[in-house]
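Hello,

Here is the structure I promised to pass on. Please have a look at it first, and then read my notes below.

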Amino acid sequence: VQVINGLIRVNNQNVDKATGLKESNSYTLIPTPPDASQGIDYWSVEGLGNASLTTFTVGDGNAIITGHYAPLQTLTVTNRNNTGGTETYSIVQGHTQTLTTNSIVGNYKFNGWYEGSTRLSTSTTYTVTMGTSNKTIEARYDYYETYTVTLVNRNNNGQTTTSQVLSGDYWSSSTNEEVGDYLF
């Protein structure tokens, strides 16, 4: 389903010539904003049927689907996963974008999501709601020394195991109190 200047088209045919519109079928909605500075905010349905941001589900009668548009804002995300890279998103004002990043990358631990000098969240998953202006969000990481912990003869099996632990992190292990005729 495509709405162009108020004209609804389905499968590249005007709606009065379209066939196969059946109750409860869903069709992808393709918005046609008035210009490149606008994006779809929501669809309203007059009549029967339901619309989300991406689909229209046919009801058991006629419907008029109207696209409502709002300004697009630019979200710039820097240093996700401590790569130093930049990603940009065009997001409709009032809509959200969920960001995720790794908690540990090499010797670096995630410190938080920042907008300028303000820390917004320390969670590795953060949802940004776009306001009336562009935003730049940075994932910041702090360097920590890495230390090697070596276990020798754990569970009396004669093997050696090693683990890498970042400075300041807790590390734990366990062993059996009794292995055969041997006590820990």
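Let me start with a charged pair: Glu-87 and Arg-80 form a salt bridge, with their closest N and O atoms 2.9 Å apart. By salt bridge I mean a side-chain nitrogen of Lys or Arg within 4 Å of a carboxyl oxygen of Asp or Glu. Arg-80 is buried at 12% relative accessibility, whereas Glu-87 is partly exposed at 29%. For these labels, buried is under 20% relative accessible area, exposed is over 50%, and partly exposed lies in between (1.4 Å probe, protein chains only).

Before going on, a word on the source: this is a predicted model, in which local features need pLDDT of at least 70 and side-chain atom pairs count only at pLDDT 80 or more, while totals for chains, interfaces and linings use all residues. Residues are numbered from 1 along each chain as its sequence is written, and side-chain values use heavy atoms, with hydrogens and water left out.

The search of the whole structure finds 2 salt bridges. Besides the pair above, Arg-140 bridges to Glu-138, again with the closest N and O atoms 2.9 Å apart. Arg-140 is partly exposed, with a relative accessible area of 28%, and Glu-138 is partly exposed at 27%.

Now the overall picture. The protein chain has 0 helices and 17 strands; these are DSSP runs numbered from the N terminus, with helices being H or I of at least four residues and strands E of at least two. Of the 184 residues in the chain, 22% are buried. The chain exposes about 11700 Å², and carbon and sulfur atoms supply 45% of that (Shrake-Rupley method with a 1.4 Å probe; for residues, only the protein chains shown count as cover). Among contacts between residues at least 6 apart in sequence, 49% join residues at least 24 apart, a contact being heavy atoms within 4.5 Å.

Next, the aromatic rings. The structure holds 3 aromatic pairs. Rings of Phe, Tyr and Trp (its six-membered ring) pair if their centres lie within 6.5 Å; planes under 30 degrees apart are stacked, over 60 edge-to-face, and the rest tilted. Tyr-108 and Tyr-143 are edge-to-face, 5.3 Å centre to centre with 65 degrees between the planes. Tyr-108 is in strand E10 (residues 108-115) and Tyr-143 in strand E13 (residues 135-143), so this pair ties together parts that are 35 residues apart in sequence. Tyr-108 is partly exposed at 33% relative accessibility, and so is Tyr-143 at 43%.

Phe-110 and Tyr-141 make another edge-to-face pair, at 5.5 Å and 70 degrees. Phe-110 belongs to E10 and Tyr-141 to E13, so the pair joins parts that are 31 residues apart in sequence. Phe-110 is buried at 12% relative accessibility and Tyr-141 is buried at 11%. Ring pairs also link Phe-110, Trp-113 and Tyr-141 into a cluster.

Those three turn up again in the largest nonpolar core, which has 11 residues, including Phe-110, Trp-113, Tyr-141 and Leu-99. A nonpolar core is a set of buried Ala, Val, Leu, Ile, Met, Phe, Trp, Tyr and Cys residues joined through side-chain atoms within 4.5 Å. E6, E10 and E13 each give two or more residues to this core, and E13 supplies the largest share, 3 residues. Leaving aside residues up to four places away in sequence, Leu-99 touches, among others, Leu-75, Val-77, Arg-80 and Trp-113.

A second, separate core of 7 residues includes Leu-29, Ile-40, Val-58 and Ile-65. Val-58 is in strand E6 (residues 55-78) and is buried at 12% relative accessibility. Val-58 and Ser-24 are 34 residues apart in sequence but 5.1 Å apart in space, C-alpha to C-alpha.

Finally, please look at the loop between E6 and strand E7 (86-92), where Asn-81 is placed. Most residues other than glycine have a negative phi. Asn-81, however, has a positive phi of about 60 degrees, and Asn-82, found in that loop, has one of about 55 degrees. Asn-81 is partly exposed at 26%, as is Asn-82 at 24%.

Best wishes
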